[in-house]
Amino acid sequence: MTTGSWLITGARPLGGDPADVLISDGRVAEIGRVAAGAAAERLDGDGLILLPGLVDLHTHLREPGREDAETVSTGTAAAALGGFTAVHAMANTDPVADTAGVVEQIWRLGRQAGRCDVQPVGAVTVGLAGSQLAELGAMADSAAQVRVFSDDGRCVHDAVLMRRALEYVRAFGGVIAQHAQEPRLTAGAQVNEGVISGRLGLAGWPAVAEEAVIARDCLLAAHVGSALHVCHVSTAGSVEIIRWAKSKGWQVTAEVTPHHLLLTEELASGYDPVFKVNPPLRTAEDVAALRAGLADGTIDCVATDHAPHPLEDKETEWEVAAFGMTGLETALRAVHEALVEPGLLDWAGVADRMSSRPAAIGRLSGHGRLLPGEPANLVLYDPSPADAVDPAAHASKSRNTPFAGMVLPGRVMATFLRGKPTVLDGKLAW
Amino acid sequence: MRHATDRQGQAPAKTVLEPAEISRALTRIAHEILERTNGADDVVLLGIPTRGVPLARRLAERLEHVEGRPVPAGSLDITMYRDDLRLRPARALGHTEVPPVGIDGRVVVLVDDVLYSGRTVRAALDALGDIGRPRAVQLAVLVDRGHRELPIRADYVGKNLPTSQRELVRVLLTEVDGQDAVVLGVNLTATARGEEAR
Amino acid sequence: MNRHLISAGDLSHDDALLILDTADELARMSERPVKKLPTLRGRTVVNLFYEDSTRTRISFEAAAKRLSADVINFSAKGSSVAKGESLKDTALTLEAMGADAVVIRHSASGAPHRLAGWVRGSVVNAGDGAHEHPTQALLDAFTMRRRLGRLDGIRVTIVGDVLHSRVARSNVLLLSTLGAEVTLVAPPTLLPVAVGSWPCSVGYDLDAALPKADVVMMLRVQQERMNAAYFPSVREYSRRYGLDAGRMALLPEHGIVMHPGPMNRGVEIAAEVADSTRSTIVEQVANGVSVRMAVLYLLLSGSEVTQ
């Protein structure tokens, strides 16, 4: 028996039959029937679903620059409570993460906090300004080993620049993650363009502004033989385009947020900016298409786009409020509600969409697999409770969750990062 | 004890004035007005909506019948002058129609169906003050049920009807209710005072 | 009635008629020597105007004063608001002042909704962004009823920049509630994408619509829209959608011309049309005070009734 070893008894790996899991030396040693006494610590996993630690391809940790909203420390605590063992931190910080120096700083902050692996995302263009390529190679070679590049928050809208970026990252197996939003079609946009925008008198964000960019980028990626990842897909049309691109064998992957799987534009009716997000909440038809797309694998994974904002940026008129919703602590519960409950996806599917595939897209080793020999990055989830979401209980510094007061199923009970518990009994372990 | 149809289906009500009695009371009031105003030369009748209005018209007809010339009659809605607006949901306004001769220098006879707390009449006096300056203001009511809360008295009364505050007095008129009657019932809901602050 | 008046869509058929009938009586009272009524004595009405609008503000001020309410004018320019005070902090200040009603005009759609969550008094929307302007719609309906004798079944054509118009939204909602038939006429670029779901019909041809219009309401068109490519030039807009004397002659005998103001004479409406007897533009202003008095009276009475 080694110190720091754990025996989880009677949990259900990937939702299957109960089994014991022995963790030793930071790795999964054995899955099956394990003798009692084999480990220093025990955890009763009866009734709990065991999944590989979740991997988020899209998080905003806000540090450096907006520590009033979130820090790497508070953000990774929130991630651990949500069952995540790795998060990709988007580059729209202040200063922007467009150099090796900044990405290394973020990477180090993650290691210091120690609750969740932080994989920095590098900006595609200098300052996210969309005109000059950032030093992608330097970021790739840095200690942070950046492989995913994104100007998220902004769209790389210049076709030539997008082409160059796609071509350039082939040298080191990188992937460009596009925030698809034609800027001129969405100037001043506030909500989805449709019935709600017309009624509320708010400038509309038409679906075509997302779909047209995705179509163009899929064609570009195919033309130059590179990998494209589409951030936060939000429309039925986008799902169709991605399905078509994949049918051609092109290297296109895509993500969807938990809120786009559950919420529609109707929620904007009261003008409460907690529902203001980019891309906006859309229609019930879009939600249905996104769920079906995630279920059939057209959409590869769920990514939270966790976007914390302080109160003063959300307690205002809609038009001046910041875009974005928090999501790390509610993601698994939201996916449970949106896909597992209606029988669209089973737990093995959840593991695939929330751990394995995002790990693969992010080129992250050590995450995404629940097998003997792999690092013990795990989450134990109790599917039975049904509680209202309480933002006051969140570890995130910010409270802007659209699910406040909404009843969602389930609760993350434990999270292990390389064999060390970050969350136990539903609370931070330290 | 005669029972009239009670529209709201409350405890059976008692009719205290029959149509003939109402008619006689109005005729007597008309003669009293003529006596006290020396022939109703510059009298203007203003009925307080709802039921004060047809009563004022009936009085005007009787005065005209006796004197042989028309007596101006109109209506004065007092809703905007009430002192209890915050305490009740907003009411629709009644119609105000001051006859073309106006009220300046005239004897205005306010006409209402029931005199109770006196607050309605107080509001009517305020309203009159914003319209003009009558020479005198008098009050004619079909029923005085007592329980004044202000120093207000009627000049002409059809019937004095001592009541308890738990009782409900309702005047029914053909023009509004399809029949003529004054009906006394028991108010089974909480505050009779609250229901009928007249 | 509701505690607030934020959208014309909040008003039921009966609520809307109650406001119009009350305004009728109040308009009559305005012909007296003493125009003041004691009804809202001791109440405080705050005019919170973030957008410059002398006319609307004065209309609300006159309405409140004629009901003997105390009026506090809070305009954005030169106040703490201009220095960046948030809407929420302004709301808390108004609460502390004991405002019974706040009349708010703001450039952001939804500002009255937000305000309603932060104050205990009644919120009256005097125009929020492109969303709504319910008292304008009420005074427009009042004007139509006075001129035409009824509202049920009348045919109203609204012309112009519907996409950015709060007046259009409120009018479509209120008129359809009151039984009128509404038609919108505009270039396709100035109509919301989902206008098909609105309770009205849509057309692009003004000449075809005019012979069937009991009322034609012209909306102001802003020249800046030309820069965002909503229409190619002011000249073309005026030629296709402007109401000149020739077009006015296409109206039926009894047809009236309305405009919420301020007008762009020569763009959406010719000077001679604006000044003709068919035009209700001047009386719309007078009617505004009576209608706003009715709204304030109906919202603030009974405010202490426990629901």
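## Domain contacts, chain contacts and the nonpolar core

Within chain C, 22 residues of domain 1 are in contact with 20 residues of domain 2. On the side of domain 1 of chain C that touches domain 2 of chain C, helix 1 (13–29), strand 4 (122–128) and helix 12 (281–300) of chain C each supply at least two residues, and by class this side holds 10 nonpolar, 8 polar and 4 charged residues. The two domains were assigned as residues 8–133 together with 285–300 for domain 1 of chain C, and as residues 135–280 for domain 2 of chain C. The centres of domain 1 and domain 2 of chain C, taken over C-alpha atoms, are separated by 25 Å. The structure described here is a predicted model, with an ipTM of 0.89 and a pTM of 0.91. For chain C the mean pLDDT is 92, and 95% of the residues of this chain reach 70 or more.

Chain A is likewise divided by the domain assignment, which gives domain 1 (6–49 + 375–428) and domain 2 (54–361). A distance of 26 Å separates the centres of domain 1 of chain A and domain 2 of chain A, again taken over C-alpha atoms, and the contact between them takes 27 residues from domain 1 and 41 residues from domain 2 of chain A. Strand 16 (378–388), strand 17 (407–417) and strand 18 (420–424) of chain A each supply at least two residues of the side of domain 1 that touches domain 2 in this chain. Strand 17 of chain A gives the most to that side, with 6 residues, while the side as a whole divides into 15 nonpolar, 10 polar and 2 charged residues.

Turning to the contacts between chains, 2 pairs of chains touch, and the pair formed by chains A and C has the most contacts. This contact takes 21 residues from chain C and 18 residues from chain A. Helix 3 (87–97), helix 4 (111–116) and helix 6 (166–177) of chain C each supply at least two residues of the side of chain C that touches chain A; helix 4 of chain C gives the most to this side, with 3 residues. The residues of the side of chain C that touches chain A divide into 8 nonpolar, 8 polar and 5 charged. The contact between chains B and C takes 16 residues from chain B and 19 residues from chain C, and on the side of chain B that touches chain C there are 9 nonpolar, 2 polar and 5 charged residues. By contrast, no contact joins chain A and chain B, and the closest C-alpha atoms of these two chains lie 26 Å apart.

The secondary structure of chain B comes to 5 helices and 9 strands, which run from the N terminus in the order β-β-α-β-α-β-β-α-β-β-β-α-β-α. Of the 198 residues in chain B, 40% are buried. Among the contacts in chain B with a separation of 6 or more, 66% join residues 24 or more positions apart.

The buried residues of helix 2 of chain B are Gly52(B), Val53(B), Leu55(B), Ala56(B), Arg58(B), Leu59(B), Ala60(B), Arg62(B) and Leu63(B). These buried residues pack against helix 1 (19–36), strand 3 (43–47), strand 4 (73–75), strand 5 (107–115) and strand 6 (136–144) of chain B. Just after helix 2 of chain B, Gly68(B) takes a positive phi of about 80°.

Leu59(B), one of the buried residues of helix 2 of chain B, is in contact with Leu26(B), Ile29(B), Ala30(B), Leu45(B), Val111(B) and Ala140(B), leaving aside its neighbours within four places in sequence. Nonpolar side chains tend to be buried together in soluble globular proteins. In the present model the largest nonpolar core has 291 residues, and those with the most contacts inside it are Phe149(A), Val335(A), Leu45(B), Leu59(B), Val102(C) and Leu296(C). Helix 12 of chain C gives the most to this core, with 10 residues. Helix 12 of chain C is also among the elements that each supply at least two residues of the side of domain 1 of chain C that touches domain 2 of chain C.

Notes. Residues numbered from 1 in each chain as written. Chains lettered and ligands numbered in written order. Contact = placed C-beta atoms within 7 Å. Nonpolar A, V, L, I, M, F, W, Y, C, P; charged D, E, K, R; others polar. Domains from an automatic or database assignment. Helix = DSSP H or I, 4+ residues; strand = E, 2+ residues; numbered from the N terminus. Core = buried A, V, L, I, M, F, W, Y, C linked by C-beta atoms within 7 Å. Buried ≥ 20, exposed ≤ 12 C-beta atoms within 10 Å, placed from the backbone. pLDDT = per-residue confidence, 0-100.
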